[in-house]
2 protein chains.
Amino acid sequence: MSKPAENTVENSSPLDQLVADLDSDMRAVNALIIERMDSPVKLIPQLASYLIAAGGKRIRPLLTLASTSIYDGDMQRAHRLAAAVEFIHTATLLHDDVVDESEQRRGQDAANLVFGNQASVLVGDFLFSRAFQLMTEDGSIDVLGVLANASAVIAQGEVLQLSTANTLDNGMETYLEIIRSKTAALFAAACEVGPMVSDAPPEHAKALSEYGMCMGIAFQIADDTLDYTADEKSLGKTIGDDFREGKATAPVLLTLEGANTDEREFWDRTLVKNQQNAKDLDHALEIINKYDGFAKSQNLALEYRDRAIQALSAAPDSPFKTHLENLADYVISRSF
Amino acid sequence: MSKPAENTVENSSPLDQLVADLDSDMRAVNALIIERMDSPVKLIPQLASYLIAAGGKRIRPLLTLASTSIYDGDMQRAHRLAAAVEFIHTATLLHDDVVDESEQRRGQDAANLVFGNQASVLVGDFLFSRAFQLMTEDGSIDVLGVLANASAVIAQGEVLQLSTANTLDNGMETYLEIIRSKTAALFAAACEVGPMVSDAPPEHAKALSEYGMCMGIAFQIADDTLDYTADEKSLGKTIGDDFREGKATAPVLLTLEGANTDEREFWDRTLVKNQQNAKDLDHALEIINKYDGFAKSQNLALEYRDRAIQALSAAPDSPFKTHLENLADYVISRSF
């Protein structure tokens, strides 16, 4: 019986395979995350480790590591930037959960419930600052610019989402703008810095950025679908959050056009006026299914998956390029 | 009758004089602030301009401009960094007011009351990111490091303040650590970047940083005194906020040692257990006055003022050096 190649994981997801191939790098990133979230003010590591230790897929730091690996770049720089990217993401989650009054995150009570909104806001600020300190240590003002821009775009997207909640007037264009900003911009930046720390020509940074952007959009569309369809336990958060918060996402927006008067009134009452009762989520699912809202969302995610893989064609051949291609497919087919 | 020298303001405060001498620079900074707080997401400029248009002393950007002027440095770089410093400060105010559930700021309803906590958190994040974008445009990784470190220290100080609220066990050392972090660190950074953008030797950056740090501590001690003693209308916020929030500041901490059992029980009930009634603020003032708490606070502020002026002695002679010396005196004698 032949021994499987080192780091090959049988029957595992593309994400697992990426993790396996980047095992020592991810250990280095995790060590750096733990080191840099420490502080003499103990509430900071307590709260940060509560969220970080709960897991999460760590897709963003993996993207930075994989993008750097494709170009055989400087992995020490990649570790630092991967940690910075994860800190930006964690800060965003903490603030998001305060804004959304979330109750669950990563299968446990959300940090804002356990530690309070005040601590979540301030520890988020701390992690955000730490991200910029890590980038400063990297020393490249260009890399810093990419991540500073992404941070501003994320915040802008979050405010846009807040401003356009509880309305059905904005449609898919605004929805795509929101997910491009709040989710895909950080995926794009996480990928873009890989070629940058590898001294690859600028068009490669652009191609990887485009991959991250399209993959991030596909990821978020899938996420917004799972918000209605996932198994609560596997997802690690409650189902129907977007519906309860009056956020009109792809599955609803893509079925609005065909909706009859009763159905429009239903969406208006539940999402715009936020008058909901216990049976409304089930009825929302019925209407979405009636107009194939989940299939339409899936098709849109597939389009962005294709664009992501297309963008990657500019990158040199590498097992990590293959991993990223597979990952784009995986993020839209996951059920968690 | 001889004409007064241009930009000289008779009978005005050192702050007014600084503003007059930096008039065209402050106009440039204000224009940059207005330009960079803009966004297609209109809630961002609406909320940001609500707070920024309400005024505020703009001490921090003035410090950057004055520190640069002492060294005849690059004023264009100073404008950008002054705007960045003000954005960091504004972001901090927005998040602070959410954390403290503030009702008043700069003589008007606090932004969190007008626009909601959610918008205040997210627009704060946006302004914070914008600050880092401005620094990226400056292009100096060293300058960026100074401001990124200050941001992390500020957030850490805010968490320390939150963790040590409603206790009397920590004393003056922790209090000084909190105000050094949450207030003085940004004053220090705002001053430190002046010599840096002027290519002055590193010991000058260190001296100006020390000036800003000591001046900031003096400023905050004065501010914490005014929180008990100021005229509400001139201060532009409510009186007794720290007392109501259970924050033991200098006027209380410096009188605790001599307090009798009744008085200790009073502080324990009001600040630790947060059980307060309408007459408690008056009684707090009585106890503080009985033990000369305000005079003791003022003396401590004077010590830091002296240290600030001493640190400045390393800087070359300049009208702006004189302005900064006078400013250190002014911030502890103001009544607003």
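At what angle do helix α4 (residues 59–70) of chain A and helix α9 (residues 171–196) of chain A pack, and how far apart are their axes? Select both helices: the angle is about 25°, and the axes are 7 Å apart. Keep in mind throughout that this is a predicted model.

**Stop 1: α4 and α9 of chain A**

Angles under 35 degrees count as roughly parallel, and α4(A) and α9(A) are therefore roughly parallel to each other. Their crossing is right-handed. From α4(A), show R60(A), L63(A), T64(A), S67(A), T68(A) and I70(A); from α9(A), show L186(A), F187(A), A190(A), C191(A), V193(A), G194(A) and P195(A). Coloured by class, this contact of α4(A) with α9(A) has eight nonpolar residues, four polar and one charged.

**Stop 2: α5 against α9**

On the α5(A) side, select A78(A), L81(A), V85(A), I88(A) and H89(A); they meet L186(A), A190(A), V193(A) and G194(A) of α9(A). Which classes do you find in this contact of α5(A) with α9(A)? There are seven nonpolar residues, two polar ones and no charged ones.

**Stop 3: where the two chains touch**

Show both chains now. The contact draws 35 residues from chain A and 35 residues from chain B. On the side of chain A that touches chain B, the elements giving two or more residues are α3 (43–53), α5 (75–100), α7 and α8 (141–163) of chain A. Of these, α8(A) gives the most, with 14 residues. By class, that side of chain A divides into 20 nonpolar, twelve polar and three charged residues.

Is S129(A) buried or exposed? S129(A) is buried, because 25 other C-beta atoms lie within 10 Å and the cut-off for burial is 20 or more. Leaving out residues up to four places away in sequence, S129(A) touches A148(B), S151(B), A152(B) and A155(B).

Then hop to I44(B), in helix α3 (residues 43–53) of chain B. I44(B) is buried too, with 23 other C-beta atoms within 10 Å. Setting aside neighbours within four places in sequence, its contacts are Q156(A) and V159(A) in one chain, and M37(B), S39(B), V123(B) and F126(B) in the other. The C-alpha atoms of I44(B) and L127(B) are 83 residues apart along the chain but separated by 8.9 Å.

**Stop 4: the largest nonpolar core**

The largest nonpolar core has 226 residues, and V159(A), A218(A), V159(B) and A218(B) touch the most other members. Helix α10 (residues 202–229) of chain B gives the most to this core, with 14 residues. Select A218(A) to see its surroundings: not counting residues up to four places away in sequence, A218(A) touches A301(A), Y304(A), R305(A), A308(A), A328(A), V331(A) and I332(A).

Back in chain B, show α10(B) with helix α16 (residues 293–312) of chain B; they pack at about 160°, with their axes 8 Å apart. α10(B) and α16(B) are therefore roughly antiparallel to each other, and their crossing is left-handed. Among the residues that meet here are C214(B), A218(B) and I221(B) of α10(B), and A301(B), Y304(B) and A308(B) of α16(B). The contact of α10(B) with α16(B) has 15 nonpolar, four polar and three charged residues.

**Stop 5: two loop residues with positive phi**

Finish with the backbone. D72(B) lies in the loop between α4 (59–70) and α5 (75–99) of chain B, and its phi is near 55°, a positive value in a residue other than glycine. N274(B), in the loop between α14 (261–272) and α15 (280–290) of chain B, has a positive phi of about 55° although it is not a glycine. D72(B) is exposed, with 12 other C-beta atoms within 10 Å; N274(B) is exposed, with 12 other C-beta atoms within 10 Å.

How values were computed: Residues numbered from 1 in each chain as written. Chains lettered and ligands numbered in written order. Predicted model: local features only at pLDDT ≥ 70, side-chain atom pairs only at ≥ 80, totals over all residues. Contact = placed C-beta atoms within 7 Å. Helix = DSSP H or I, 4+ residues; strand = E, 2+ residues; numbered from the N terminus. Nonpolar A, V, L, I, M, F, W, Y, C, P; charged D, E, K, R; others polar. Core = buried A, V, L, I, M, F, W, Y, C linked by C-beta atoms within 7 Å. Axes fitted to C-alpha atoms, helices over the stretch in contact; angles between N-to-C directions. Parallel < 35°, antiparallel > 145°, perpendicular 65-115°, else oblique. Left-handed = near helix turned anticlockwise from the far one by under 90°.
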